[in-house]
Structure formats: C-alpha cells, structure tokens
Amino acid sequence: MNIYQKIAINISNFIDELNNDETFKKENPNISAKEYVSIQTGIKIKRLNNIIKGVAKTRIYEVHRIAVVLGIEITDLIKDIE
C-alpha cells in the first residue's frame with residue numbers, strides 16, 4: 001500500500017467518524033461531513049472524492065488543510081491502517 005492509499009483510507013475513516021458524530025449533526029443539520037470538509041478546506045468536492053478514492057495524488061497542503069478541519073494531526077492521516 002502506498003502513501004496516497006493510506007491517506008485516502010484515513011481521510012475516509014475520519015470523515016465517517018465526523019459524519020456519525022451527534023454534535024456535528026446538531027451543529028450542521030443539512031450538510032454531510034464530506035461537504036463540510038470540502039467547504040472548510042476550499043478543496044472542491046470532486047477533488048476530495050478523488051482523493052478519498054485514491055485516484056488523485058494528495059498534495060501536502062491539502063493534507064494539512066484536511067487535518068486542521070478534522071482537528072487531527074497530519075501524522076494521523078499518514079499512519080498505517082490497523
């Protein structure tokens with residue numbers, strides 16, 4: 001598994017966690033977590049989908065923006081999947 005695949009899987013997992021978070025749902029009732037991340041990072045939804053699918057190679061500034069919006073460290077997006 002290469003680094004882009006690891007990042008894609010980890011981003012997907014963290015977005016799923018955010019989507020299932022009750023606090024997030026109450027604060028943002030009419031928006032999905034993926035749309036929220038897209039808006040907050042300035043990364044278009046099509047690009048974000050391609051990153052999550054592993055089709056697009058993720059740029060370091062995109063990884064940083066996504067980590068900031070999700071409230072996690074960049075290393076959390078790069079670590080091996082358990």
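Guide: In helix α5, the residues Glu62, Val63, Ile66, Ala67 and Leu70 are buried, meaning under 20% relative accessible area with a 1.4 Å probe and protein chains only. Because these residues cover an arc of only 130° around the axis, they lie on the same side of α5; the arc is that of the directions from the helix axis to the C-beta atoms. On the other side of α5, Ile60 and Val68 are exposed, that is, over 50%. An α-helix has 3.6 residues a turn, so residues three or four places apart point the same way.

This is a predicted model, in which local features need pLDDT of at least 70 and side-chain atom pairs count only at pLDDT 80 or more, while totals for chains, interfaces and linings use all residues. Residues are numbered from 1 along each chain as its sequence is written, and side-chain values use heavy atoms, with hydrogens and water left out.

The buried residues of α5 pack against α1, α3 (33-41), α4 and α6 (74-78). Helices here are DSSP runs (H or I, at least four residues), numbered from the N terminus. With α1 (residues 3-20), helix α5 (residues 60-70) packs at an angle of about 25°, the axes being 11 Å apart. The two helices are therefore roughly parallel, a term for angles under 35 degrees. Ile7, Ile11, Phe14, Ile15 and Leu18 of α1 meet Val63, Ile66 and Leu70 of α5, contact meaning heavy atoms within 4.5 Å. Just after α5, Gly71 takes a positive phi of about 75°.

Key: Axes are lines fitted to C-alpha atoms, for helices over the stretch in contact, and angles run from 0 to 180 degrees between N-to-C directions. Angles under 35 degrees count as roughly parallel, over 145 as roughly antiparallel, 65 to 115 as roughly perpendicular and the rest as oblique.
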